[in-house]
Amino acid sequence: MKPAVPRYAIFRLIHALLVLVAWIGIGSLPAIAADLKPGTHTGTLQGALYRIDIPANWNGDLVMLMHGYQPVGAPIATPMRAADSTPVFFKLGYAVAQSQYRSQGWAVGDAIVDNERLRHYFIHTFARPAHTYIYGFSLGGLEVVASIERYRHAYTGAMVTCGVTVSTPEFIARAVVTPLLAFDALIPGVLPDLAAPNSPPFIPPDVFAKALQSHPKEAAILAKRLQEKPETLPLSLYYMALRELEQRAGGMPVDNRNTVYRGFGDDAVFNRKVHRYAGSPAAMAYVQRNVTLTGNIDVPLVMQWNAFDPTVPERFHAIYPDQVRAAGHGKLLTVLPPVGDGHCNFTDEQTAEQFEMLVGKAGSEGR
């Protein structure tokens, strides 16, 4: 008859096994729900439509995808449609989760919260991914970098293409209000009062186009200073975005009473002609919260823009990379050379290459 194993020895054995499991990393593998079904899952989370796509050959990793700017009132499909880049990740074996967000327009605050809620929903409903990546394009790029700054350690890596990766106060002041003010100063009589509550929410693009064509000299000044082309200046988009943000924030979010503008022809004459606005304290506080970037990241970040982007001009591309480097995290940053013309004009092959570079970078960092 074999001697009984002492109870304390059994406890020590169990403890040793638990330590071994933690050491080899088994605890990091995805805990897959028994009823996990590949395919498309859609629904609503606290007012935000969502879509989750899980491939049959799921590799255990997740991509959170954040879409770009959608004008208020733009048609929304129910159930939610997948972003154009979704199949890129799906074919590589990744699950993809994306939120429609509770609101449209400059929905940065809603987007960040809704995306995080969806990430938790995926974990609780389907599985805890082995790795979670986050990808965003256009305005989604701002939401992505804000997310990795705010929810540290939630992601393995981040990818941004054609991103508006500039703090909201700076972007609205420099990329939205400044072009509109310059247009108004150089070609007066077209724009209404930008801060008046009764000004129209939208001005058709052809109104701006006709004014620019009728004033070629002024159009050339604008284009040169803004690193644009006269025929691609998105002034209608800027106006619509500003009006929507004013409504969301509760007033004019920019105060330019002491701003000195340069590069729009005769600086002295221009600064006398440009319209001055007193910003609303509440509105300026709102844009400060939604959102101001710091450059403090702790996961690999891959970024790329198009060579000529009429919506997010080249003069804004280096701002966030410079912030990341200034914060001491340059080793985590990869900025790929710009390619092609247009806004978010990337092929599926280019998107796959960008993402594979991110995954490789994350792997080399041991994440």
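In the predicted model, E170 and R174 lie four residues apart in helix α5, and are therefore separated by about one helical turn. These two residues form a salt bridge, in which the closest N and O atoms are 2.7 Å apart.

The crossing in which α5 passes α7 is right-handed. On the α5 side, the contact is made by P179, A182, F183 and L186, which meet E218, I221, L222 and L226 of α7. By class, this contact consists of seven nonpolar residues and one charged residue, with no polar residues.

Side chains of opposite charge can pair when their charged atoms come close. Over the whole structure, a search finds twelve salt bridges, including the E170 and R174 pair described above. Another of these joins D255 to R257 through their side chains, with an N to O distance of 2.7 Å; here D255, at 25% relative accessibility, counts as partly exposed. A further salt bridge is formed between D110 and R102, for which the closest N and O atoms are 3.5 Å apart, and R102 is partly exposed, with a relative accessible area of 39%. Both R102 and D110 also belong to a network of salt bridges, in which they are linked with D114, R117, E244 and R248.

At the level of the overall fold, the protein contains twelve helices and eight strands, and its C-alpha atoms fill a box of roughly 105 × 45 × 40 Å when taken along the principal axes. Of the 367 residues in the protein, 50% are buried. When contacts between residues at least 6 apart in sequence are considered, 79% of them join residues that are at least 24 apart.

Definitions and conventions:
Residues are numbered from 1 along each chain as its sequence is written. This is a predicted model: local features need pLDDT of at least 70, side-chain atom pairs count only at pLDDT 80 or more; totals for chains, interfaces and linings use all residues. Side-chain values use heavy atoms; hydrogens and water are left out. A crossing is left-handed if the near helix is turned anticlockwise from the far one by less than a right angle, and right-handed if clockwise. Helices (H or I, at least four residues) and strands (E, at least two) are DSSP runs, numbered from the N terminus. Contact means heavy atoms within 4.5 Å. Ala, Val, Leu, Ile, Met, Phe, Trp, Tyr, Cys and Pro count as nonpolar, Asp, Glu, Lys and Arg as charged, and the others, Gly among them, as polar. A salt bridge is a side-chain nitrogen of Lys or Arg within 4 Å of a carboxyl oxygen of Asp or Glu. Buried means under 20% relative accessible area, exposed over 50%, partly exposed in between (1.4 Å probe, protein chains only).
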